[in-house]
Every structure is written in structure tokens, then in C-alpha cells.
Amino acid sequence: MCGIIGVVGMPNAASALVKGLKRLEYRGYDSAGIAVVTGKGLEIQRAVGAVANLERQAAPLGTVGIGHTRWATHGPPTEANSHPHRDCSERLAVVHNGIVENYQELREGLQARGHRLLSQTDTEVLAHLIEERYHGDLLAAVQETLPLIEGSYGLVVVSADAPDRIVCARMRSPLLLGVGQGQMLLASDATALLEHTRSVVFLEDGETAELTQERVRLFDAHRKPKIPVVRELPWNLEAAEKGGFDHFMLKEIHEIPEALHEVFRGRLGMAGDRFDVEGALPESALRGAQRILVLACGTSYYAGMVGRSIVEQLAGVPVDVQLASEYRYAPQTTQEGTLAIFVSQSGETADTLEAMRRARASGCRTLAMVNVVGSTLAREAEGVFYLRAGPEIGVASTKAFVNMVGGFYLLGLHLGATRGHLTPDECKRLAGEMRTLPRLAQRALETAGDVAPLAGEFFHGAEHAFYLGRQINHGLAMEGALKIKEISYLHAEGYAAGELKHGPLALLTPDFPVVVALSDKEPTYGVMVSNIGEVRARGAKVLAIATETDANVHKHVDHVVRVPASDPLFYPVPACVALYLLAYHAARGRGCNIDRPRNLAKSVTVE
Ligand code: F6R
């Protein structure tokens with residue numbers, strides 16, 4: 001989950017590295033460090049905490065260097081545990097993202113052979129193992145080291161003895177190369193490269209590369225040279241900046257209408273007969289699926305829960321949604337006839353990737369629904385549907401969730417149309433409503449825009465909260481609760497509203513706020529109102545995210561945040577805008593670090 005960067009041929013490598021690290025901070029912010037090749041050898045700077053702490057130190061002068069921002073896995077966030085890590089000669093430095101699973105054994109071996117290891121990290125062994133194999137060819141030393149490593153790595157190495165180059169390797173941890181004019185770069189994420197270039201090469205598992213100012217030498221897992229395929233990234237730098245908002249999260253909430261517009265752009269045929277999948281997945285695998293299995297983690301899993309309701313309603317296909325982290329270890333059953341859909345913003349989530357490999361081995365057809373173009377999931381699945389939400393920097397996912405839901409609307413419409421579950425008139429009506437969703441989200445930003453004072457008041461003094469919804473709004477309630485707990489540290493649970501009386505109702509007191517997501521036209525409106533009554537009878541206060549046309553709800557709750565009315569199928573879109581604003585303002589009122597919640601990282605590349 002750490003962020004890594006490397007540069008060759010930069011007039012001021014240190015400043016380019018630090019700038020790149022700032023863009024990668026969402027991957028980890030326990031510590032940061034750089035190593036630059038200078039006239040004196042290798043100069044290393046490291047600092048605990050944010051990249052800004054590193055920036056205060058005087059920058060070493062050089063054109064080649066590597067950098068790292070850490071999300072701690074082995075050893076606490078101290079300077080000694082910060083990357084880059086050195087070998088005994090201090091002429092070689094390594095940054096690493098991933099986990100060396102056999103590091104204990106490797107470490108003992110190194111110590112027995114006289115190496116001095118100074119940190120508690122798994123990474124440091126890599127520097128010493130490469131040192132042992134370095135006889136004047138850095139690339140060969142790295143390639144000879146890799147077979148010793150069990151685990152995952154995005155690995156970058158620099159040496160004072162090979163001052164014009166950096167060497168990198170990838171195994172189950174993202175890494176891409178940036179090809180510039182007289183400059184070469186690499187990073188764990190595209191956002192760190194965009195200032196310099198949009199031309200990139202995605203590394204595959206097992207590949208190694210050597211970057212000098214003029215060229216990239218790429219090698220496959222058998223160390224055979226390979227021609228790098230350069231692709232153009234569809235994002236620009238402006239899209240990765242805050243654009244005047246105080247936080248990336250707030251900016252990204254305001255980008256929801258535009259993101260939705262993008263997910264539907266050119267994909268909403270009246271007849272619903274197109275579903276825009278890139279890759280080798282045949283249309284028959286979509287159309288002919290007997291069952292759909294959605295696998296994902298966190299917010300993406302909740303998008304899958306919402307997606308289940310959408311696809312079952314529109315297409316009549318049974319949909320199962322499972323946590324990728326559980327599925328990957330579950331007993332394997334044959335799943336012929338199953339279309340497995342992997343939902344992910346980053347496309348790099350380790351559990352989702354492993355779930356995909358597992359599902360494929362069980363006979364599922366595989367479709368990735370991802371945001372990051374060229375990510376591992378996108379490349380390994382048979383087909384990919386791109387979410388087109390643009391770069392999402394805030395650790396808490398927002399616009400990507402909405403576009404995942406948008407993707408399920410398109411899939412549901414497509415399957416409903418092609419399998420004859422929807423009539424042409426129904427398809428036309430639904431496509432027309434989908435076309436209005438960006439506007440609906442825009443209106444929700446207005447109707448719920450002034451929620452800040454209410455967010456402060458409603459959660460004031462509370463330590464716990466419930467978020468309730470039914471059917472399509474159950475996943476939405478789960479997502480609302482996750483968002484508030486991760487950014488404001490208020491403990492919140494999402495529940496299917498009917499489940500409360502089976503136990504959790506016992507927790508309710510007047511200090512226990514409850515948020516309900518309900519649309520006035522949903523078939524379960526009546527029972528939702530009864531559930532609200534049960535909650536209020538225990539003295540708990542209730543805030544409803546309700547539609548503008550709901551003339552009844554205010555009689556039953558303490559507060560109402562209005563969102564524009566729609567078919568209940570589409571209510572999750574405006575409602576999640578309101579839930580996100582509520583969470584954002586509650587966290588802001590509590591003085592939390594919204595874009596960088598404690599203990600979390602944007603891209604979870606460890607299991
Ligand atoms: C929460 C959040 C996480 C991610 C999860 C999966 O706001 O962002 O729960 O949804 O880590 O990440 P992706 O979608 O990249 O697979």
C-alpha cells in the first residue's frame with residue numbers, strides 16, 4: 001500500500017521525487033524518504049509522518065533517485081523503518097511496496113553471513129540480498145535476487161556504482177513506467193507521473209526493467225528482453241489536483257455529476273443492446289450467464305450490494321455478492337455458467353485480485369469493473385468495463401462508488417434488454433431516466449449542500465450511530481456507515497432496517513443517532529416508517545435522507561435532508577451524495593484529517 005517513485009534524467013531529482021510523493025501520500029503517510037545519486041555517492045533523507053516533513057530538509061543535488069511513502073506493515077513508523085533501505089556498503093538503496101513473506105528466514109541467513117540490518121522491516125533484506133549478488137551489473141543482481149523472495153513487491157533499486165540508472169521489478173504490486181523526453185520515471189500510481197508524461201508502460205508480474213535517461217529495457221519473468229508497449233493515460237494533471245476545494249473528498253463528491261456523465265457517455269443506447277466491455281470476454285458470456293457473482297471489498301462491495309438489486313430487478317438474473325477477502329479462502333465449488341464481476345476503484349486490491357484468480361480456476365467467466373485504466377484487474381480479467389470516474393485521490397471512495405452503481409445500471413439494462421426481461425418501451429424509459437442521473441446528482445449537491453450545521457448537531461456527543469435501509473438501500477446504508485466511520489472515527493453500523501429488532505435495538509438510547517435512507521416510492525416505504533417508529537420509541541433521534549416529494553416523512557423523524565425524487569431504483573445516486581456530504585461535514589466538524597484517515601491507505605495491495 002506504500003507509494004513508490006523513481007526518476008532518471010531530472011534536472012532536480014529530489015524535488016521531482018518529493019512532488020511525486022505528495023501525490024502518492026494517499027497510499028501511506030507513516031513516513032517518507034528519498035535516495036538521490038550525487039557526487040558524494042547516495043544521499044538519503046527520511047522523515048516520519050507526512051511528506052512535508054521530508055521537504056523541510058535541504059534537497060540533495062542529482063538527476064537520478066528513488067522515493068517512498070510508507071504505510072507500515074512490519075515495524076512501527078520510525079525513521080529507522082522508513083524507506084529507502086541500504087545495504088552494508090551504503091552504496092545501494094531500495095524502496096519497496098508489498099510484503100516479503102519469508103523475510104524472517106532471509107534476515108537470519110543474512111545476519112549469519114555478517115550483514116548488519118538496522119530496521120524491523122521486511123524490505124531491508126532486499127538491499128542486502130542484492131548487495132550479495134552485485135558484481136557490476138545492477139539489473140542482473142536484482143534479477144538473481146527475485147527467485148529468493150516469497151511475497152509481493154513493487155521494487156526499485158538505485159546504486160552509487162551505477163549512477164545513471166534505476167532498476168525495478170514487479171510481483172503482485174502495481175508499477176508503471178513513465179516515458180518522457182530525455183527523462184524516465186516510474187511509480188506505483190499514474191498520478192505521480194502525470195506532471196511529466198502521460199505515456200506509460202504497465203509492468204506485469206515477474207517483469208523487471210532498467211531505466212536510463214534515453215531508454216527502457218524491459219524483461220519478462222524468464223529474463224528475456226521484451227518490447228515495452230507504451231500506452232497513453234486518459235487523465236490530466238488538473239484532474240488529480242484539489243481544484244480549489246479544501247479536501248480531495250469534497251472535490252470528488254462535487255465531481256459525481258461529471259463522473260456519472262462519463263460512465264454513461266456513448267453507452268446509453270435506447271435499446272440497451274450495448275454493454276461496453278473491452279477485452280476478450282464474449283458477449284455470450286454476459287448474455288448467457290446463469291448467475292452473476294460479484295466479488296469486491298469495502299465500498300466496492302457495497303456498490304455490489306446495490307448492483308445486485310439493480311441487476312435482479314432489471315434483468316431477472318440471480319446475483320450473489322461476496323467479500324473478495326472471504327471468497328478467496330472459501331472451499332472451491334464448480335461455477336460453470338457464472339459470470340464473476342470484480343468491482344474495484346484501484347484495480348489493485350490484493351484480495352479482489354486473488355478472488356479473480358480463484359474464480360477463474362473454478363470455471364467462472366471474469367469481468368472487471370474498474371476505474372484505473374491498465375490496472376492489474378483490468379489486465380487479468382477476460383473483459384473490463386471502465387468506470388471513467390477520473391482519478392480518485394481521497395482515501396474515502398465517493399465518485400467511484402457512484403460510477404460502480406452507474407455501471408450496474410448499464411449492465412442491468414443491457415441484460416434486461418438482451419434477455420427479453422424488459423420490453424423496448426421499458427428500456428427506453430429506463431435509458432431516459434439514466435440520462436438524467438448526472439442532473440439528479442447535481443441537484444442533490446444543491447438540496448443537501450447546506451448539511452454542515454445539521455451534521456455537527458446531529459452527531460454531537462455521539463459515539464455510535466446506525467444507518468438503516470432496505471433492499472437497494474441496504475447496501476447504501478452500509479456505505480453511508482462506512483464513510484462516516486472511516487473519516488470521522490464515529491462508530492457506525494449499516495443495517496437492513498428489519499434486522500434491528502432482532503438484537504441491535506437493545507443498544508438504542510437518546511444519544512444514539514440513526515440515519516435512514518428511504519425513497520417515498522419504494523415498496524418498503526410503509527415498513528421503513530414502522531421501523532423508524534420502533535427506533536424513536538427508544539428515544540433515539542432520526543435523520544432521514546428523503547425525497548423532495550415525500551410529504552409524510554417529516555412527521556416521523558427529527559431531521560430531513562432532501563434529495564430530488566426519482567424512480568426508487570435510482571434513489572441511491574442522489575442519496576449517496578447526501579450521505580457523503582453528511583459524513584464529510586461531520587468529520588470536518590470533529591477536526592479529522594479527511595483525506596488521510598488514520599491507519600488507512602487508498603489502495604490495499606496487501607491481504
Ligand atoms: C472506503 C474505501 C475502501 C475501498 C476498498 C476496495 O471508502 O475506499 O473500502 O473501497 O479498499 O478498494 P478498491 O475499490 O480499490 O478495490
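Helix 9 (298-315) and helix 17 (472-488) each supply at least two residues of the shell around the ligand; helices here are DSSP runs of H or I, at least four residues, and strands are E runs of at least two, numbered from the N terminus. Before going on, a note on the source: this is a predicted model, where local features need pLDDT of at least 70, side-chain atom pairs count only at pLDDT 80 or more, and totals for chains, interfaces and linings use all residues. Residues are numbered from 1 along each chain as its sequence is written, and side-chain values use heavy atoms, with hydrogens and water left out.

Back to the ligand. It is surrounded by 15 residues, and the closest are Ser300, Ser344, Ser346, Thr349 and Glu486; to count, a residue needs a heavy atom within 4 Å.

Now the polar contacts, meaning pairs of N or O atoms within 3.5 Å. A side-chain N or O atom of Thr349 is 2.4 Å from a ligand oxygen. For Lys483, a polar side-chain atom lies 2.8 Å from an oxygen atom of the ligand. Val395 uses a polar backbone atom, 3.4 Å from a ligand oxygen. The ligand taken alone exposes 410 Å², and the protein buries 90% of that, by the Shrake-Rupley method with a 1.4 Å probe.

Seven strands form an open, antiparallel sheet in the order 5-6-7-8-12-13-14; two strands pair if DSSP finds at least two bridges between them. Strand 5 (85-86) and strand 14 (225-226) are the edges, each pairing on one side only. Strand 7 (residues 153-159) and strand 8 (residues 166-171) are joined by six bridges, with Val158 opposite Ile166.

Key:
Polar contact = N/O pair within 3.5 Å; in protein donor to acceptor, adjacent residues only side chain to side chain.
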